[in-house]
Amino acid sequence: MGKVPKKRSLADKVRKTKTSTEIKNNPFEVKINRKKFDVLGRKTKHDVGLPGVSRSKAINKRKETLLKEYKQKNKSNKLIDRRFGEYDTKMAPEDKILQRFAMERQRVHDKKDVYNLNEEEELTHYGQSLAEMEKFNDLVNSDDESEEKGLLSAELTASHFGGGGGLLKKKSGDQQEVEGSQRAKSRQELIEELIQKSKQEKRERQVQKEEAQELTEKLDQEWKSIQALMVKKTPKAESAEQQEEKPKLEEYDMMVRELGFEMKAQPSEKMKTPEELAREAREKLQKLEADRLRRMMGDDVGDSAQSQIHMSADDLNDGFILDKEDKKTLSYQDGKWNIGEESEEDKDENEEEGESGEEEESAAEEDDEDEEEEGDWEGEEEEEELECSSEEEDGHSDLESEQESEDEERKLETSAKPKKSLSKEEVKAQQEAAKAELPYTFTAPESYSDLKDLLHGHTPDNQRLIVARTQKCNHPSLAVGNKLKLQKLFGYLLEYIGELATRSPPELTTIDKLIPELYTLCQMFPEAACKAMQSILGDAGHSMEEVLEVKGHVAFPALDMLVYLKVTALLFPTSDFRHSVTTPALLYISQALTKCPVRSLQDVTSGLVLCCLAVEYVSFSKRFLPELINFLAGTLHLAVRDKTSLGYTVVPPFRPSGKCSDLLVLSNSESCKSWSKKSLPLSATQNLELKSDLDRDHHRLMCLSTCLDLVKRCCLIYKDLMSFTYIFQPISTLLSKHLSAQTLPELLQELHSEILETISSAPVTHSPLVLEKKKPIPLKLLTPKIVEVLDYGKKRGSSREEREKERLKHKYKKEFKGALREIRKDSRFLAREKLNEVMNR
């Protein structure tokens with residue numbers, strides 16, 4: 001086979017047009033491509049070029065191809081005649097028609113042939129042809145109303161649906177011969193005969209039915225007479241034995257019956273959002289405050305508990321009331337119906353019940369608020385109890401509802417006893433009690449002085465209740481400016497707590513009551529709380545640095561600062577690696593333990609309180625705090641009598657010997673016998689008044705007991721450190737050699753021995769560093785591999801695949817650049833044409 005001839009496009013035709021000789025000979029159209037140097041044996045193809053000719057060829061090519069496509073763009077008005085053989089002159093018209101008809105039938109047949117069965121095969125069902133069955137020749141009609149239920153005779157069918165002619169045609173040959181001799185019956189006669197036959201058959205069926213009914217009744221009567229003889233009565237003893245011998249139910253049957261009587265689950269109430277809860281709490285407080293004000297003015301408070309209304313069993317509970325609520329209930333008493341008296345008695349009773357119920361509600365509200373605010377610290381236990389109680393209530397809700405309905409009916413049946421109205425003295429007493437009550441709604445204080453005026457003169461519990469009600473009445477979800485008010489309230493409370501700590505004596509009970517409210521505000525506004533605490537800690541740190549620069553020494557922090565440090569540990573996490581509040585607080589504690597000199601027993605007490613706070617800060621994170629260990633070792637050094645030969649070093653702010661180095665040395669050894677262990681009071685950090693030597697010795701023993709307890713806790717915290725034995729070596733030396741346990745009370749002797757056992761029993765988890773005895777093995781020295789390169793002129797990659805790959809890459813780059821060049825030229829050509837169209841409009 002020869003090669004298939006290649007189709008020539010219009011572009012090839014334009015490109016192959018020869019240039020005229022005039023253009024070739026024109027020197028202005030010829031461009032000579034000069035070479036830098038000649039190479040012998042190289043044939044040149046493009047020494048002379050015709051740029052104008054090539055440009056005109058390219059323009060003509062684009063006009064014939066690209067321009068036509070551009071003009072036909074978005075135009076679909078071209079009709080293509082696809083009729084078979086329309087333009088074929090060799091075919092006859094009959095052949096065209098036959099071929100078109102065959103193609104049309106073939107197209108239709110191809111569509112429907114998917115669902116056609118093979119017509120040559122005859123399909124059967126139980127030996128009968130489906131084609132015959134589909135004609136429905138033996139169709140049974142169900143329109144007959146006779147008692148034969150659709151069984152129609154051939155004669156009746158032929159007479160009704162065949163015009164009567166069928167009866168004449170369907171006679172047998174013998175009958176036709178007999179009837180041929182006789183007269184042929186008409187259609188009317190045949191119909192009459194048919195009617196008579198049907199009536200006779202119906203009558204016979206009725207007779208048979210009546211006979212069967214009579215026989216059945218007779219049989220029933222005979223059975224009743226015989227049944228009395230067949231029944232055998234068993235004695236009671238035998239029946240009881242039979243009842244006892246009943247088989248026991250299986251476990252599965254028992255469980256099925258229990259499931260049938262099990263309580264059905266009831267839907268619980270919808271979970272309320274914090275905004276809804278806050279709104280309900282405020283509305284409740286506002287209602288209680290309005291009731292209190294009415295009682296204070298002497299007005300009658302509305303009925304809190306509405307009178308119970310009897311509801312029938314058919315009530316739909318849809319709010320539709322047909323009768324009035326003041327329907328009189330009948331009751332029978334002393335042989336008479338009491339109707340009018342009872343209504344008056346009910347009125348008096350309802351009025352007095354309303355007043356007493358309102359007082360009970362207000363008292364219950366106060367109790368509820370107290371329980372809610374105490375629940376900030378015991379929330380989890382209360383929630384569990386509430387869940388358990390709610391489950392129990394749900395489980396017995398049906399029984400309780402039945403009991404309540406019975407109680408209501410009993411109340412409605414019985415008549416109410418008359419009660420007397422309140423006298424003037426009782427009303428006045430009620431007004432005084434309402435005035436003495438604490439208000440239920442408060443406005444948020446705008447300044448610190450407003451908060452002091454609000455809380456002045458109240459007990460600690462009432463102060464906590466005032467702050468809690470202020471939070472509920474000014475919840476952030478209730479108004480726009482409440483968030484800023486509560487944020488300010490947090491700062492005012494911090495300032496108020498500091499003032500309470502500086503009073504003499506300090507009101508620590510009030511501070512303890514207000515801390516839960518501080519915690520609630522801190523959870524609501526953590527950022528504002530962080531900023532407030534940061535400002536307090538920052539001011540305290542700067543003031544300490546300023547005093548150090550001026551005087552060179554600084555006193556221990558006052559009680560208000562110690563309270564702030566304790567509050568910081570309660571409000572913020574102390575186990576974080578770095579926290580914006582607790583980290584500065586820990587730095588302040590370490591700075592105070594290092595820079596504040598110990599000059600009195602009051603300073604020792606303040607330092608031990610700081611040590612307690614430091615242990616609390618590092619108890620979870622187990623962060624090592626060297627200032628804590630140094631201060632505890634220095635405090636123990638204050639109790640040593642003989643300071644001549646020390647086997648340990650004393651770190652500032654303590655001195656090995658001097659004026660203030662014997663602060664914890666007992667003046668009388670007999671004071672150990674009368675001493676009893678007590679906790680270190682916080683008030684001792686502010687005003688420590690010790691009148692006698694016995695009191696001073698008791699306080700010294702108290703400080704020493706606190707110090708030993710802290711040392712024991714530090715041993716438990718830092719026992720997992722690798723350097724544990726080296727850290728606590730000064731303390732173990734001090735306790736074992738210089739501070740003998742014999743001079744201490746029994747409780748302190750136990751602590752003394754426990755600390756020494758803990759330090760000595762700590763395992764040594766590392767060995768000292770020692771140089772290796774063997775020389776290190778040197779690294780292997782490998783000689784470099786030298787490869788001679790002989791093909792200097794050729795490209796690297798001597799394999800055939802790599803050379804082919806490089807050749808294809810080069811070809812791809814060349815074609816890619818050429819395609820980009822042609823696309824740019826096409827776009828410029830189209831831009832020129834579009835501009836010409838715009839200019840020619």
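Analyst: A residue is called buried under 20% relative accessible area, exposed over 50%, and partly exposed in between (1.4 Å probe, protein chains only). By that scale Glu754 is partly exposed, with a relative accessible area of 31%. The model is predicted, so local features are reported at pLDDT of at least 70 and side-chain atom pairs at pLDDT 80 or more, while totals for chains, interfaces and linings use all residues. Residues are numbered from 1 along each chain as its sequence is written, and side-chain values use heavy atoms, without hydrogens or water.

User: How many helices and strands does the protein chain have?

Analyst: Helices (H or I, at least four residues) and strands (E, at least two) are DSSP runs, numbered from the N terminus. The protein chain holds 31 helices and six strands.

User: Is Phe631 buried or exposed?

Analyst: Phe631, in helix H26 (residues 626-637), counts as buried because its relative accessibility is 2%. Apart from neighbours within four places in sequence, Phe631 is in contact with Phe556, Leu593, Val598, Gly607, Leu608, Cys611 and Phe654. Leu610 stands 21 residues from Phe631 in sequence, with a C-alpha to C-alpha distance of 10.0 Å.

User: What is a salt bridge, and how many are found in the whole structure?

Analyst: Side chains of opposite charge can pair when their charged atoms come close. The criterion is a side-chain nitrogen of Lys or Arg within 4 Å of a carboxyl oxygen of Asp or Glu. A search of the whole structure gives 20 salt bridges.

User: Which residue forms a salt bridge with Lys712?

Analyst: Lys712 is bridged to Glu754, with the closest N and O atoms 2.6 Å apart. This pair links distant parts of the chain: Lys712 belongs to helix H27 (residues 693-717) and Glu754 to helix H30 (residues 746-760), 42 residues apart. Lys712 counts as partly exposed, at 29% relative accessibility. Helix H30 also contains Thr758, a partly exposed residue at 25% relative accessibility. Leaving aside neighbours within four places in sequence, Thr758 is in contact with Cys715 and Phe724. Thr758 and Lys719 are 39 residues apart in sequence, yet 8.4 Å apart in space, C-alpha to C-alpha.

User: Which residue does Glu64 pair with in a salt bridge, and which residue meets Glu499?

Analyst: Glu64 pairs with Lys68, the closest N and O atoms being 3.6 Å apart. Glu64 is partly exposed at 33% relative accessibility, and Lys68 is partly exposed at 43%. Glu499 meets Arg503 in a salt bridge of 3.7 Å, N to O. Glu499 has a relative accessible area of 21% and is partly exposed, as Arg503 is at 29%.

User: Which residues are linked in a network of salt bridges?

Analyst: The network joins Asp81, Arg83, Glu86 and Arg100.

User: How are surface patches defined, and which residues form the positive one?

Analyst: Patches consist of residues with over 30% relative accessible area and no salt bridge; like charges are joined within 9 Å, and nonpolar side chains (Val, Leu, Ile, Met, Phe, Trp, Tyr) within 5 Å. Lys and Arg count as positive and Asp and Glu as negative, with His and the chain ends not counted; each charge is placed at NZ of Lys, CZ of Arg, CG of Asp or CD of Glu. A positive patch is made of Arg55, Lys805, Lys809, Lys813, Lys817, Arg821, Arg824, Lys825, Arg828 and Arg832. H31 gives the most to the positive patch, with nine residues. Lys805 lies in H31 and is exposed, with a relative accessible area of 53%.

User: Which residues form the nonpolar patch, and which form the negative one?

Analyst: Tyr812, Phe816 and Leu820 form a nonpolar surface patch, with about 320 Å² of accessible area together. Phe816 is in helix H31 (residues 800-840) and is partly exposed at 43% relative accessibility. The negative patch comprises Glu210, Glu211, Glu214, Glu217 and Asp220. Glu214 belongs to helix H10 (residues 187-230) and counts as exposed because its relative accessible area is 55%.

How values were computed:
Areas by Shrake-Rupley, 256 points an atom, 1.4 Å probe, with all protein chains shown as cover. Contact = heavy atoms within 4.5 Å.
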